[in-house]
Amino acid sequence: MSGFTAAKQAYDLLKLIKESHDQAIISGAIGDLHGKITELQMLNAKLSGLYQSERDVAVKLREEKAKIEMFTVKAENYELHTTEGGSTVYRSKKPTGSTIPHHHLCTHCYSNSVISILQPGISTTKSAGYFVHYCPQCKNEYRMGKLPPVKPVSVRFPY
C-alpha cells in the first residue's frame, strides 16, 4: 500500500505544481516530488526483486514436479520383495518377453525418490550364509540369495 500512497502523493504534487503560481510553493513541491519519485523507484526495485524470487521458486517447483513425475513413471516398474536373506527391497517387474533380468533397488533410496540399483558386495560379499549386495548411493547392505552349499573337501595325505 505504501507504493500506492507514494504514487497518489506524487500525483497530488504534480497537480499542485501545475495549478500553483507561487514559485516558492512550486520549488518546494518539486523537491517533494523528487523524493516521492525516488521512493517509488526504490519500491519498484524491491518489487522487482520479490518478483524474481517468486519466479525462481516457481522454476524450482516445476523442476521438482518433473522429477517426481519421472520417478513415479519409473516406480511403476517395481514391487516390494523380500529376499531369501530376509531383506526387503524393491524388485523389478519382469515384463512378458523381456530379456532384461530382475534387478533390485534400495528401499531407503526408493523412499527418497531415487532409483539406486543394488550391486554385489565388495567389502562384504557374504553374511550369515547369504550373498550381500549394497547400495552405491547410501551404502546400505542387503542379504540377498542363499550361498550354495559347500562340498566337503577331503584331503589325503600321501604318507
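# A tour of the predicted model

Select residues 78–82, strand β1, and residues 88–92, strand β2: the two pair in the antiparallel sense over five bridges. Keep in mind that this is a predicted model.

**Stop 1: the hairpin and its sheet**

Pick out Leu 80 first. Its bridge partner in β2 is Tyr 90. Now select Tyr 78; its bridge partner in β2 is Ser 92. Hold on to Tyr 90, as the tour returns to this residue.

Next, look at the turn. Five residues sit between the strands of the β1 and β2 hairpin, and Gly 86 takes a positive phi near 90° there.

Widen the view to the sheet. Three strands make an open sheet in the order β1-β2-β3, with antiparallel pairing. Which strands stand at the edges? Select β1 and β3 (104–105): each has a single partner strand, so one side of each is left without a neighbour in the sheet. Strands of a sheet pair through backbone hydrogen bonds, either parallel or antiparallel.

**Stop 2: a salt bridge across the hairpin**

Stay on β1 and β2. Show the side chains of Arg 91 and Glu 79. They meet in a salt bridge, at 3.8 Å from N to O. Arg 91 lies in strand β2 and Glu 79 in strand β1, so this pair ties together parts that are twelve residues apart in sequence.

Are these two residues buried, exposed or partly exposed? Arg 91 counts as partly exposed, because its relative accessibility is 23%. Glu 79 is partly exposed as well, with a relative accessible area of 33%.

**Stop 3: the aromatic cluster**

A pair of aromatic rings is described by the distance of the centres and the angle of the planes. How many aromatic pairs does the structure hold? It holds two.

Take Phe 71 and Tyr 110. Their ring centres are 5.2 Å apart and their planes stand at 65°, so the pair is edge-to-face. Phe 71 belongs to helix α2 (residues 23–75) and Tyr 110 to helix α3 (residues 107–111), so the pair ties together parts that are 39 residues apart in sequence. Both Phe 71 and Tyr 110 are buried.

Now take Tyr 90 and Tyr 110. Here the ring centres lie 3.6 Å apart with the planes at 20°, so the pair is stacked. This pair links distant parts of the chain: Tyr 90 is in strand β2, Tyr 110 is in helix α3, and 20 residues separate them. Both of these tyrosines are buried.

**Stop 4: along helix α2**

Select helix α2, residues 23–75. Side chains of opposite charge can pair when their charged atoms come close.

Begin with Glu 39 and Lys 36. They form a salt bridge, with the closest N and O atoms 3.6 Å apart. Glu 39 is partly exposed, with a relative accessible area of 31%.

Move on to Glu 69 and Lys 65. Their side chains meet in a salt bridge at 3.4 Å, N to O. Compare the cover on each. Glu 69 is partly exposed, at a relative accessible area of 43%. Lys 65 is exposed, at 51%.

**Stop 5: the nonpolar patch**

Now select Val 153, Val 155 and Phe 157. They form a nonpolar patch on the surface, and together they have about 370 Å² of accessible area.

Where is Val 155 placed? It is in the segment after β7 (141–146). Val 155 counts as exposed, because its relative accessibility is 58% and the cut-off for exposed is over 50%.

Finish on Phe 157. Phe 157 also has its place in the segment after β7. Its relative accessible area is 59%, so Phe 157 is exposed. The C-alpha atoms of Phe 157 and Ala 66 are separated by 69 Å, and the two residues are 91 residues apart along the chain.

How values were computed: Residues numbered from 1 in each chain as written. Predicted model: local features only at pLDDT ≥ 70, side-chain atom pairs only at ≥ 80, totals over all residues. Heavy atoms only, no water. Patch = residues over 30% accessible without salt bridge, like charges linked within 9 Å, V, L, I, M, F, W, Y side chains within 5 Å. Areas by Shrake-Rupley, 256 points an atom, 1.4 Å probe, with all protein chains shown as cover. Salt bridge = Lys/Arg side-chain N within 4 Å of Asp/Glu carboxyl O. Helix = DSSP H or I, 4+ residues; strand = E, 2+ residues; numbered from the N terminus. Buried < 20%, exposed > 50% of the residue type's maximum accessible area, 1.4 Å probe, protein only. Pairing = 2+ DSSP bridges. Phe/Tyr/Trp six-rings, centres within 6.5 Å; stacked < 30°, edge-to-face > 60°.
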